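Hi everyone, thanks for making time.

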Amino acid sequence: MNKPKILVARAIFPETIARLEQHFDVEHNQADTPWSKQQLAQKLADKVGAFTTGSERIDAEVLEAAPQLRICANMAVGYNNFDVDAMTARGVLATNAPDVLTETTADFGFALLMATARRITESEHYLRAGKWDRWSYDMFAGSDIHGSTLGILGMGRIGQVIARRGAHGFGMNVIYHNRSRLAPDLEAACKARYVDKEELLRTADHLVLVLPYSPSSHHTIGARELSLMKPTANLVNIARGGIVDDAALAEALRAGTIAAAGLDVFEGEPRLNPALLTVPNVVLTPHIASATMPTRLAMADLAADNLIGFLVNGKPLTALNPQVLKK
Ligand code: 8YV
């Protein structure tokens, strides 16, 4: 019997391809050739499943060209690359990859917070440039982490484990804002206090963004919000590009409206607002918060498990639009 045809849109672990090949006729992209949206749509024309990453946009136009498509499995917890409504309307199941990256991503959020607060990359550049000739009392003086106030915007799985690290590991005073308040037992476990957005902005010494991107979270942090923050504050974005107005942030960093920022995600990435490259008080990383090999393998495995679970056994693990299953 012919195996169902699937597409793996990006280069991925060879062992993941080998697993998928046990069940499917796999067209892969192990050369990691960049495909235009039209090329992606053409390749999906005869496929029933797709293994995607956050880089592939699946919307009504692509779906129109893929009449046999039944599932897109994203190797990412975020799924703003999917038009879930359009997928649901066409009966295409969407799945993401939650949980397996929570701790790794929280570790990175903390790494970025610490690197930014303690000016690690800025001082390393100084040292590498041969500029260090003597000690001085205020050289690269940064801001404290222990005992400071950690603000978290977006208190989902990742936000909660960042709160735990801050409260239990560094004795930080943790405040958060979220669409809905956590249950009291979860608040107690995270040692986190719920505040409104304005108090969060005004009070946090370090503000970490971990909310999902959607049109309603576009530019959640813009010039007005930055102006409410402390001039000593540090902003960390490990959520999604577009949640911060990068042009407004670059200007705030230049003007000293806030002290520093750590960014793993950018508007229009992999391109960056060039103004961000001209300010020294920002640590920039190329969307690597989940990048450890065990975690990336677990994310790939979960996307593969969703394809196998649904197309072979009728049971996906992490469906985003489970109403499709009932049709
Ligand atoms: C991924 C991410 O590396 O899971 C997410 O939402 O942002 C990252 O962990 C990226 O989206 C590639 O799929």
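One term before we start: buried area is the accessible area, taken with a 1.4 Å probe, that two parts lose on being put together, summed over both. Please also keep in mind that this is a predicted model.

Now, the overall layout. The protein is divided into domain 1, covering 5-99 + 293-326, and domain 2, covering 102-284. Their C-alpha centres lie 32 Å apart. The contact draws on 6 residues from domain 1 and 5 residues from domain 2.

How much area is buried between domain 1 and domain 2? About 540 Å², with carbon and sulfur atoms giving 41% of it. On the domain 1 side, N80, D99 and T295 supply 72% of the area buried against domain 2, more than any other three residues.

Let's stay with D99 for a moment. The interface has 1 salt bridge. D99 forms a salt bridge with R157, and the closest N and O atoms are 3.6 Å apart. Between the two domains there are also 3 residue pairs in polar contact. Sorted by class, the domain 1 side has 2 nonpolar, 3 polar and 1 charged residues.

Finally, some backbone details. Most residues other than glycine have a negative phi, and most peptide bonds are trans. Here, a cis peptide bond joins E269 and P270, with omega about 10°. P270 sits in the loop between β11 and β12. D32 has a positive phi, near 55°, and belongs to the loop between β2 and α2. F140 also has a positive phi, about 50°, in the loop between α6 and β6.

Definitions and conventions:
Residues numbered from 1 in each chain as written. Predicted model: local features only at pLDDT ≥ 70, side-chain atom pairs only at ≥ 80, totals over all residues. Heavy atoms only, no water. Domains from an automatic or database assignment. Contact = heavy atoms within 4.5 Å. Salt bridge = Lys/Arg side-chain N within 4 Å of Asp/Glu carboxyl O. Polar contact = N/O pair within 3.5 Å; in protein donor to acceptor, adjacent residues only side chain to side chain. Nonpolar A, V, L, I, M, F, W, Y, C, P; charged D, E, K, R; others polar. Helix = DSSP H or I, 4+ residues; strand = E, 2+ residues; numbered from the N terminus.
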